[in-house]
Amino acid sequence: MTIDEELLRRYPRTAGLRVNFVTSLDGAAAVDGLSTGLSSVADKQVFRLLRMTCDALLVGAGTLRDEDYRPLTLDPERRSWRLASGLSAYPRLVIFSHALALDPGHRALRDAPVRPLVVTPADPGDHPLREVADVLVADLGEALTRLRADGLTHLLCEGGPTLLGALTSADLVDELCLTLSPVLAGPGATRMAVGPEHPSRPMRLIHALPADQALLLRYSRAHD
């Protein structure tokens, strides 16, 4: 990957929780169960750049399993950029899971360059995941507070819909980077956020960039 300086200017590091998502034009979060069917060259470029700039990458256990996440390694150019910017060579992977139905041998855990953190609401005791990851017993808000206290202030969430729904319900999302894919997925597809109803969260448009027939959108939390 060659770092696009103009794109980097469009997506700077900011303190807070940034969410990155790709959907169809009619709001589907996946095609045939995977988000890869909605992605494009431009979307993947933003995806890699946002990973490069974050301190920690947040993901739900279901998304990690369904999308078969790889270890959170970066190519030499992105690692060099991080080190030159005063960051660690790699961001930390943070996985949110209620049931802890994760295989300790999963490559994203087993081969992680930085020991991952698994966040769960109840103490799992002597769980096998402790062999490959740290375990934090906390709710969403507590977990984000802990990460920031550890110096991980620029947080990136890659979903999926259940985690996003929980984050918006708790009013924890500061920024949304959304790629609208030029696809109509039709009825039945999983939508971008699922979960209990909550008050609307006003957002402010920062940019709308056309690319590959898609639209790259960036929104920040609206302040009165």
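Predicted model: local features only at pLDDT ≥ 70, side-chain atom pairs only at ≥ 80, totals over all residues.

A disulfide needs the two sulfur atoms within 2.5 Å, and the structure holds zero disulfides.

How accessible are these cysteines, buried or exposed? Cys 54 is buried, with a relative accessible area of 0%, and Cys 157 is buried with a relative accessible area of 0% as well.

## Salt bridges

Side chains of opposite charge can pair when their charged atoms come close. With the limit set at 4 Å between a side-chain nitrogen of Lys or Arg and a carboxyl oxygen of Asp or Glu, the count comes to 17 salt bridges. One of them joins the side chains of Arg 10 and Glu 6, with 3.4 Å from N to O. Both residues belong to helix α1, which spans residues 5–10, and because they are four residues apart in that helix they are separated by about one helical turn. Arg 10 counts as partly exposed at 28% relative accessibility, and Glu 6 counts as partly exposed at 40%.

A salt bridge also joins the side chains of Asp 134 and Arg 115, at 2.7 Å from N to O. Asp 134 lies in strand β5 (residues 134–137), whereas Arg 115 lies in the loop between α5 (107–110) and β4 (117–120), so the pair ties together parts that are 19 residues apart in sequence. In terms of accessibility, Asp 134 is partly exposed at 31%, and Arg 115 is partly exposed with a relative accessible area of 35%.

## A linked network

The side chains of Arg 221 and Asp 174 meet in a salt bridge at 3.3 Å, N to O. This pair links distant parts of the chain, 47 residues apart, with Arg 221 in strand β9 (residues 214–221) and Asp 174 in the loop between α7 (161–169) and β7 (175–181). Asp 174 counts as partly exposed, at 24% relative accessibility. Which residues are linked with Arg 221 and Asp 174 in a network of salt bridges? The network also takes in Arg 148, Asp 171 and Arg 201.

The largest pocket holds about 1100 Å³ of space. It is lined by 31 residues, of which Ser 35, Thr 36, Phe 47, Glu 67 and Tyr 69 are the closest to its centre. At least two lining residues come from each of β1 (16–24), α2 (41–53) and α3 (61–66), and the largest share, five residues, is supplied by α2. By class, the lining of the largest pocket divides into 10 nonpolar, nine polar and 12 charged residues.

The second largest pocket holds about 430 Å³ of space. Among the 23 residues that line this second pocket, Gly 60, Phe 96, Ser 97, His 98 and Thr 162 are the closest to its centre. Elements that each supply at least two residues of this lining include α3, β4 and α7. The lining of the second largest pocket has 12 nonpolar, nine polar and two charged residues.

Conventions. Residues numbered from 1 in each chain as written. Heavy atoms only, no water. Buried < 20%, exposed > 50% of the residue type's maximum accessible area, 1.4 Å probe, protein only. 1 Å grid on protein atoms, 1.4 Å probe; cavity = no way out; pocket = protein on both sides within 12 Å on 5 of 7 lines; lining within 4 Å. Points joined across faces, edges and corners; volume = space filled by probe spheres on them. Nonpolar A, V, L, I, M, F, W, Y, C, P; charged D, E, K, R; others polar.
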